[in-house]
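Thanks for coming, everyone. Let me put the structure up, and then I'll walk through it.

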Amino acid sequence: MSDTERDGAPPVPVVAAAAVAAVGGPMDVTTALQEVLKTSLIHDGLARGLHEAAKALDKRQAHLCVLANNCDEPAYTKLVEALCAEHGISLLKVDDNKKLGEWSGLCKIDREGKARKVVACSCVVVKDYGRDTTALEVLNEHLKQKH
């Protein structure tokens with residue numbers, strides 16, 4: 001008998017974190033957005049900041065645009081909203097640009113897993129979702145209901 005076999009016991013299934021979140025209850029939109037941004041960041045599918053976001057929106061590479069409500073420059077929000085409306089790209093608004101910066105990876109993570117040196121980011125564009133997840137399904141369902 002090898003080291004990996006057990007005495008007649010069935011193999012223990014490995015459960016993904018997304019499945020655990022789905023079993024624990026319905027996922028809210030902010031949690032789904034965090035998951036989608038994290039997955040997109042891993043797959044190099046995020047454009048962060050006005051310059052990158054405007055280029056991605058203008059080239060129609062964007063699937064989703066996330067804009068912070070507390071952006072202090074009205075021309076900034078006006079430009080992003082106009083580009084999204086012109087090209088038919090879904091726009092989602094969040095409350096805090098510091099949170100958006102943290103979710104999009106513009107921070108350092110310390111040993112305890114907490115975000116340090118968070119850089120504020122008022123606009124993030126998702127160019128590539130990476131892979132299909134339950135969080136993406138929840139987010140897409142929310143966007144369908146919104147329109």
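**Surface, fold and cores**

The protein chain exposes about 9,500 Å², and carbon and sulfur atoms supply 51% of that area. Areas here are Shrake-Rupley, with a 1.4 Å probe; for residues, only the protein chains shown count as cover.

A word on provenance. This is a predicted model: local features need pLDDT of at least 70, side-chain atom pairs count only at pLDDT 80 or more, and totals for chains, interfaces and linings use all residues. Residues are numbered from 1 along each chain as its sequence is written, and side-chain values use heavy atoms, with hydrogens and water left out.

Now the layout. The protein chain has six helices and six strands. These are DSSP runs, numbered from the N terminus: helices are H or I with at least four residues, strands are E with at least two. From the N terminus, the order reads α-α-β-α-β-α-β-α-β-β-β-α. Contact means heavy atoms within 4.5 Å. Take the contacts with a separation of 6 or more: residues 24 or more positions apart account for 72% of them.

Next, burial. Of the 147 residues in the protein chain, 34% are buried. Buried is under 20% relative accessible area, exposed is over 50%, and partly exposed is in between (1.4 Å probe, protein chains only).

Where does that lead? In soluble globular proteins, nonpolar side chains tend to be buried together. A nonpolar core, for us, is a set of buried Ala, Val, Leu, Ile, Met, Phe, Trp, Tyr and Cys residues joined through side-chain atoms within 4.5 Å. The largest one has 21 residues, with L33, L37, L64, V94 and L100 making the most contacts inside it. At least two residues come from each of α2 (29-42), β2 (64-68), β3 (90-94), α5, β6 (123-126) and α6 (134-146). A second, separate core holds 16 residues, including A56, V80, L91 and C123. Back to L37: beyond four places in sequence, L37 touches L46, L100, W103, V124 and V126.

Start with α3 (50-58). Its buried residues are A53, A56 and L57. The arc is taken over directions from the helix axis to the C-beta atoms. They pack against β1 (46-48), β2, α4 and β6. R60 follows α3, with a positive phi near 60°.

Now α4, residues 74-87. Buried here are Y76, T77, V80, L83, C84 and H87. Their arc is only 135°, which puts them on the same side of α4. The face turned away carries exposed P74, K78, A85 and E86. The buried residues of α4 pack against α3, β2, β3 and β6. After α4 comes G88, with a positive phi near 70°.

Which residues does S40 touch, beyond four places in sequence? They are G45, L46, V126, D128 and Y129. S40 sits in helix α2. Its relative accessible area is 0%, so S40 is buried.

S104 lies in the loop between α5 (97-103) and β4 (108-109). S104 counts as buried because its relative accessibility is 0%. A polar atom of its side chain lies 2.9 Å from the backbone oxygen of L100. The side chain of S104 also reaches the backbone oxygen of G101, at 3.3 Å. Leaving aside neighbours within four places in sequence, S104 is in contact with L41, L46, R48 and V124.

Key. A polar contact is a pair of N or O atoms within 3.5 Å; within protein, one must be able to donate a hydrogen and the other to accept it, and residues adjacent in sequence count only if both atoms are side-chain atoms. The expected span of a helix is 1.5 Å times one less than its number of residues.
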